[in-house]
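Please take a look at the model below. A short report on some of its features follows.

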Amino acid sequence: MAPPSVLAALSEQSIELPSWAFGNSGTRFKVFPQPGVPRNPFEKVSDAAQVHRLTGVAPRVSLHIPWDMVDDFGKLAAHAADEGVSLGAVNSNLFQDEDYKLGSLTNRDPDVRRKAVAHHLRCIDVMRATGSKDLKIWLPDGLNYPGQDDIRDRQERLAESLQQVYAGLDPDQRIILEYKFFEPAFYATDIPDWGTSLLHCLALGDQATVVLDTGHHAPGTNIEFIVAQLLRIGKLGAFDFNSRFYADDDLIVGAADPFQLFRIMFEIVRADALRPDSGVNFMLDQCHNIEPKIPGQIRSVMNIQEATAKALLVDRDALSAAQQAGDVLGANAVLMDAYNTDVRPLLAELRAGMGLPDDPYAAYAASGYAEKIAAERVGGAQAGWDA
Ligand code: PSV
Ligand code: MN
């Protein structure tokens with residue numbers, strides 16, 4: 001029998017799914033279309049709801065605007081509710097418009113900056129219609145060449161633009177600000193790291209927090225340190241979970257380095273930030289280029305659950321005692337014991353208690369849903385990275 005506190009914590013966990021994970025995706029070399037892929041945001045939400053039905057811990061879907069633009073967001077929210085889920089963070093898009101070639105919120109041209117700010121104000125309107133609380137900003141702005149623009153002036157313009165967006169928030173809404181140290185600007189990006197994101201968030205105020213995308217770090221970065229530090233000051237707003245083998249691969253979370261995911265989740269448990277009201281939004285940011293999409297999301301959710309279960313199993317008293325005694329190897333062994341535990345039986349017990357199939361992945365394969373959408377979704381344009 002698993003400890004009841006561990007089962008209770010796991011049953012309360014919630015993971016937000018990205019709408020774009022259900023559309024066609026690929027690399028700059030090739031997008032491989034798949035049968036049954038959604039043609040519109042309604043179908044994306046229906047697919048996300050399948051993941052929630054089988055795992056019980058994925059009750060929200062993030063939207064990307066304008067990819068998920070619809071005439072009536074109230075209708076999309078109602079559709080989500082009918083399917084048993086709700087709409088989560090709204091992601092703005094600052095990377096698919098000609099005007100943004102030299103930057104969006106940082107652009108030298110005040111008209112372009114105004115346009116980028118206005119896009120966010122429209123996203124906030126969408127949030128009012130959907131009940132979403134988080135406006136996620138990932139800024140693709142940056143420089144390809146030294147001297148291309150003034151690094152410091154761009155920070156000033158960014159701070160001013162962000163302030164204008166922030167002023168448009170309702171009191172119960174937040175900006176969650178993502179960083180990325182490379183791509184699409186290969187010399188310098190304008191929000192390259194957690195420090196820069198944090199400085200802007202601190203200048204904005206309480207309704208601005210940092211998003212940590214696990215794929216947006218240099219190889220070898222100690223991501224759990226960043227997690228611990230941001231939690232310490234109450235500024236970790238959200239995760240974008242994924243795996244990177246080389247660049248920003250957006251592959252299944254826990255695929256490249258499950259041990260890193262465990263270490264991250266241990267810092268979450270250590271800070272008591274698994275609680276639903278902790279203010280940390282646990283989101284996936286992934287694309288399934290060659291694997292089927294719904295099973296890819298199910299696998300991702302299960303990987304996070306496994307890492308979380310192991311983190312919850314760490315014997316914190318034994319760890320503290322070993323740390324206190326300066327027992328270096330003993331302390332490390334406490335962590336490794338938890339990491340090396342096979343938590344699959346525990347998770348099967350959890351799911352049984354929640355009235356869920358003990359293997360959501362196998363249950364999806366047996367459900368016939370993949371065959372159904374492949375047969376039904378014929379005609380129309382499949383969703384991809386532009387719709
Ligand atoms: C950028 O690489 C990013 O990680 C941002 O989170 C976006 O929201 C997401 O990809 C999809 O554009
Ligand atoms: Mn991301």
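At 5% relative accessibility, Trp-20 counts as buried, because buried means under 20%. This is a predicted model. Trp-67 is also buried, because its relative accessibility is 4%.

## Aromatic rings

By the ring-centre rule, the count comes to 10 aromatic pairs. Trp-20 and Trp-67 make an edge-to-face pair, because their planes stand at 75 degrees, with the ring centres 6.5 Å apart. The cut-off for edge-to-face is over 60 degrees. Where do the two residues sit? Trp-20 lies in the loop between β1 (15-18) and α2 (41-55). Trp-67 lies in the loop between β2 (60-65) and α3 (73-82). The pair therefore ties together parts that are 47 residues apart in sequence. Trp-20 and Trp-67 also belong to one aromatic cluster with Phe-95 and Trp-138.

## The manganese ion

Which residues coordinate the manganese ion (ligand 2)? They are Glu-178 (OE), Asp-213 (OD), Asp-240 (OD) and Asp-285 (OD), at 2.1 to 2.2 Å. In sequence, these donor residues follow the spacing E-x34-D-x26-D-x44-D. Asp-240 lies in strand β9 (residues 236-241), while Asp-285 lies in the loop between β10 (281-284) and α9 (293-313), so the pair ties together parts that are 45 residues apart in sequence. Asp-240 and Asp-285 are buried.

Now the geometry. Six donor atoms surround the manganese ion (ligand 2). They subtend angles of 71 to 163 degrees, so the arrangement is octahedral. Ideal angles for six octahedral donors are 90 or 180 degrees.

## Ligand 1

How many residues surround ligand 1? There are 14, and the closest are Glu-178, Lys-180, Asp-240, Asp-248 and Asp-285. Of these, Glu-178, Asp-240 and Asp-285 also coordinate the manganese ion (ligand 2).

| Residue | Distance to an oxygen atom of ligand 1 |
|---|---|
| His-64 | 3.0 Å |
| Lys-136 | 3.3 Å |
| Lys-180 | 3.0 Å |

Taken alone, ligand 1 exposes 310 Å², and the protein buries 97% of that.

## Helix α10

Helix α10 spans residues 316-324. Asp-315 caps its N-terminal end. A side-chain oxygen of Asp-315 lies 3.3 Å from the backbone nitrogen of Asp-317. Gly-326 follows α10, and its phi is positive, near 70 degrees.

Notes: Residues are numbered from 1 along each chain as its sequence is written. Chains are lettered from A and ligands numbered from 1 in the order in which they are written. This is a predicted model: local features need pLDDT of at least 70, side-chain atom pairs count only at pLDDT 80 or more; totals for chains, interfaces and linings use all residues. Side-chain values use heavy atoms; hydrogens and water are left out. Donors are N, O and S atoms within 2.8 Å of the metal (3.2 Å for Na, K and Ca); water is not among the atoms, so sites may look incomplete. Four donors count as tetrahedral if all angles lie between 85 and 135 degrees; four count as square planar and six as octahedral if opposite donors are over 155 degrees apart and all others between 65 and 115; anything else is irregular. Helices (H or I, at least four residues) and strands (E, at least two) are DSSP runs, numbered from the N terminus. Buried means under 20% relative accessible area, exposed over 50%, partly exposed in between (1.4 Å probe, protein chains only). A residue is near a molecule or strand if one of its heavy atoms lies within 4 Å of it. A polar contact is a pair of N or O atoms within 3.5 Å; within protein, one must be able to donate a hydrogen and the other to accept it, and residues adjacent in sequence count only if both atoms are side-chain atoms. Accessible areas come from the Shrake-Rupley method with a 1.4 Å probe; for residues, only the protein chains shown count as cover. Rings of Phe, Tyr and Trp (its six-membered ring) pair if their centres lie within 6.5 Å; planes under 30 degrees apart count as stacked, over 60 as edge-to-face and the rest as tilted.
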